[in-house]
Amino acid sequence: MARPHIEPYVELNDPYRAFKVRGFRGCQYKTLSLDVDTGACTLKIRFPGGYRRSPGLSYSDCEIFVLNGTIEAGDALWREGHYCFVPAGVALPAIHVPQGAEALLMFNDAEPNFEESGDSHDRALREAFTSLNGYEDLPWFGLGRVQPSVATGCLSKLLRQDPLTHATTFLYCMVPQFAQDNISYHDCAEESYHIWGTSWMMQFGELPTGGYFWRPPYINHGAFRCRFGTIALGRTDSKLHNYFHYNPWSNPWENLQRAAGQGYRQRPLLYQWEMTDGHNHPHGPADFEEPGYADAASVARLHR
Ligand SMILES: [Fe+2]
């Protein structure tokens, strides 16, 4: 997901545009981030009252998080806080939005697309379909599951984690007066949308309600402060590991080298194997449990 660094961006005062893609006509959208190579994007979408769509599918993994309003999806009601992960090729039932709604809409592999279909594609990864209400169906837990961990007072709800890549979608909140004084970076891209609340980062200032960022790997962020509390939707595109330090002047290349240095110390045999010139590595990953894994399409083939 080669999207440019966008931080901070506040979308609330920017206008919506007409959504002219099949399956979304009548809706409006704002682009929060875009991979210009693949068309993968994160959008804020506004469904008008009375919107209807026939059953159908997309040829991209897709995620939706309902910010306000109610979406009827067949017999299911997606209310405020509802989250869905819809694997590529999985057909959704008919959609109806009687009173209007706003949501975050993410296409992970390709530009927005829709094809009418009453059935899922026969190679779709149906078992990965996820549908739950993030506000009501899950407990908050501390971020101690990720070590080294952020400071006490930052809580999370895990909405989805890809079992192979550890790409993760989650809600997180910062309690009032949350503070963390170190600087962090990760090996993964990190994305956030502030559903409510304002928090502060040393490098990027205040991020208020409607604030958004897409942050590529190895970019310094922190220290952090949050005066009145914040709730946000976050995503990563692979495993999140917190690298902490106190050097505000390091750049992403230096941060990457520091991360590699830690890998060398902590997993030296693996590091040396990866770095050996003239090795006979197979092209791409060689996992005996997932021998064909290279991309989402390969994974879908493995699971069909
Ligand atoms: Fe982070």
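## Iron site

In sequence, the donor residues of the iron ion follow the spacing H-x3-E-x30-H. The protein donors are His186 (NE2), Glu190 (OE), Glu190 (OE) and His221 (NE2), and they lie 2.1 to 2.5 Å from the iron ion. Donors here are N, O and S atoms within 2.8 Å of the metal (3.2 Å for Na, K and Ca); water is not among the atoms, so sites may look incomplete. Histidine 186 is in the loop between β19 (183-185) and β20 (190-197), and histidine 221 is in the loop between β23 (211-215) and β24 (224-226); the two are 35 residues apart, so the pair links distant parts of the chain. Both histidine 186 and histidine 221 are buried (buried means under 20% relative accessible area, exposed over 50%, partly exposed in between, with a 1.4 Å probe and protein chains only).

The arrangement around the iron ion is irregular because its four donor atoms subtend angles of 54 to 145°. Four donors count as tetrahedral if all angles lie between 85 and 135 degrees; four count as square planar and six as octahedral if opposite donors are over 155 degrees apart and all others between 65 and 115; anything else is irregular.

## Basis of the model

This is a predicted model, in which local features need pLDDT of at least 70, side-chain atom pairs count only at pLDDT 80 or more, and totals for chains, interfaces and linings use all residues. Residues are numbered from 1 along each chain as its sequence is written, and side-chain values use heavy atoms, with hydrogens and water left out.

## The open sheet

Seven strands form an open sheet with antiparallel pairing, in the order β1-β23-β20-β25-β17-β16-β15. β1 (6-10) and β15 stand at the edges with a single partner strand each, so one side of each has no neighbour in the sheet. Strands are DSSP runs of E with at least two residues, helices are runs of H or I with at least four, and both are numbered from the N terminus. Two strands pair if DSSP finds at least two bridges between them.

Strand β15 (residues 141-142) pairs with strand β16 (residues 154-161) in the antiparallel sense over two bridges, and phenylalanine 141 stands opposite serine 156. Seven bridges join β16 to strand β17 (residues 168-174), where tyrosine 172 is the bridge partner of serine 156. The hairpin of β16 and β17 has six residues between the strands, and histidine 166 takes a positive phi near 65° in this hairpin. β20 and strand β25 (residues 230-236) are also antiparallel, over seven bridges; tryptophan 196 stands opposite isoleucine 231 in β25.

## Aromatic rings

The whole structure holds nine aromatic pairs. Rings of Phe, Tyr and Trp (its six-membered ring) pair if their centres lie within 6.5 Å; planes under 30 degrees apart count as stacked, over 60 as edge-to-face and the rest as tilted. Phenylalanine 65 and tyrosine 135 are edge-to-face, because their ring centres are 5.9 Å apart and their planes stand at 80°. Phenylalanine 65 is in strand β7 (residues 62-69) and tyrosine 135 in the loop between β14 (130-133) and β15, 70 residues apart. Phenylalanine 65 is buried at 0% relative accessibility, whereas tyrosine 135 is partly exposed at 28%.

Tyrosine 185 and tyrosine 243 form a stacked pair, with ring centres 5.1 Å apart and planes at 10°. Tyrosine 185 is buried at 0% relative accessibility, and tyrosine 243 is buried at 8%. Ring pairs also link Phe19, Phe24, Tyr29 and Phe107 into a cluster.
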